[in-house]
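Subject: Structure handover

Hello,

Here is the structure you are taking over. Please open it beside this email and follow along.

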Amino acid sequence: DSGTTERNCMYILFAVIGMFSGILARERQTNVLALQRSSKRGRRDLLVSKLIILFLSCILISVAVNAVQTLQLGSTVGYNDLGAPAQSLEFLRGCSLPVTIGQYMVLIFILRALGAFAIGLVVMLISRYSKNTMTALSISAAILIIPSLLDSFGVSWVVSAVDLLKISVLK
């Protein structure tokens, strides 16, 4: 249902902001940034490592949070019918993609993980230019969470980060 999808997207958003808002700001706050810039290949390798950790964390967060929807879908449809066309589900009748239910579930997980990664990149960019971790966390929350909360209360002109994660029907 849409309430579960909305909550799951908010959980992903909170997790990504909480985990990665201070990842680069902490370097500036502890004066490690100058040391990293002076070391041979230090900054580039470290940044690539942090991006890999961000990507893997977003995949794990997305799978963990969306496991509840998988269990709900399994109890509704059954796991034996994952090879059936996605259009056989009532909420996917308008889906024009020729995918099965199992392929649809995998596609949703992949798209949500990529959406979480995109949000994580924005959070890391905010962290890069923030002076300390608290500032990075506050700015990330203001930019990403407040519009999402306004959107959940019915303010329709707001584009929220949850909309990026709320992929439930492909038409």
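Below are some notes on what was found in it, from the whole chain down to single residues.

This is a predicted model, in which local features need pLDDT of at least 70 and side-chain atom pairs count only at pLDDT 80 or more, while totals for chains, interfaces and linings use all residues. Residues are numbered from 1 along each chain as its sequence is written, and side-chain values use heavy atoms, with hydrogens and water left out.

The whole chain

The chain has seven helices and zero strands. Here helices (H or I, at least four residues) and strands (E, at least two) are DSSP runs, numbered from the N terminus. Read from the N terminus, the order of elements is α-α-α-α-α-α-α.

Of the 171 residues, 40% count as buried. Buried means under 20% relative accessible area, exposed means over 50%, and partly exposed is in between, with a 1.4 Å probe and protein chains only. The accessible surface of the chain is about 9,700 Å², and carbon and sulfur atoms hold 67% of that surface. Accessible areas come from the Shrake-Rupley method with a 1.4 Å probe, and for residues only the protein chains shown count as cover.

Among the contacts with a separation of 6 or more, 69% are between residues 24 or more positions apart. A contact means heavy atoms within 4.5 Å.

Helices H4 and H5

Which residues form the nonpolar patch on the surface? They are Val48, Ile52, Phe55, Leu56, Ile59, Val63, Val106, Ile110 and Leu114, with about 720 Å² of accessible area together. Two elements, helix H4 (42-77) and helix H5 (101-128), each give two or more residues to this patch. H4 gives the most, with six residues. Patches are made of residues with over 30% relative accessible area and no salt bridge; like charges are joined within 9 Å, and nonpolar side chains (Val, Leu, Ile, Met, Phe, Trp, Tyr) within 5 Å. A salt bridge is a side-chain nitrogen of Lys or Arg within 4 Å of a carboxyl oxygen of Asp or Glu.

Ile52 lies in helix H4 and has 49% relative accessibility, so Ile52 counts as partly exposed. Phe55 is also partly exposed, because its relative accessibility is 32%.

The structure holds one aromatic pair. The ring centres of Phe55 and Phe117 are 5.3 Å apart and the planes stand at 90 degrees, so the pair is edge-to-face. The pair links distant parts of the chain, with Phe55 in helix H4 and Phe117 in helix H5, 62 residues apart. Rings of Phe, Tyr and Trp (its six-membered ring) pair if their centres lie within 6.5 Å; planes under 30 degrees apart count as stacked, over 60 as edge-to-face and the rest as tilted.

Beyond its neighbours within four places in sequence, Lys50 is in contact with Ile23, Leu24, Glu27 and Met124.

Around Gly22 and Ser127

Gly22 is in the loop between helix H1 (2-20) and helix H2 (25-29). At 17% relative accessibility, Gly22 counts as buried. Leaving out residues up to four places away in sequence, Gly22 touches Ser127 and Thr133. The C-alpha atoms of Gly22 and Asn132 are 7.3 Å apart, although the two residues are 110 residues apart in sequence.

Ser127 lies in helix H5 and is buried, with a relative accessible area of 0%.

Ala141 lies in helix H6 (residues 133-152) and is partly exposed at 22% relative accessibility. Ala141 and Ser21 are 120 residues apart along the chain, and their C-alpha atoms are separated by 9.0 Å.

Regards
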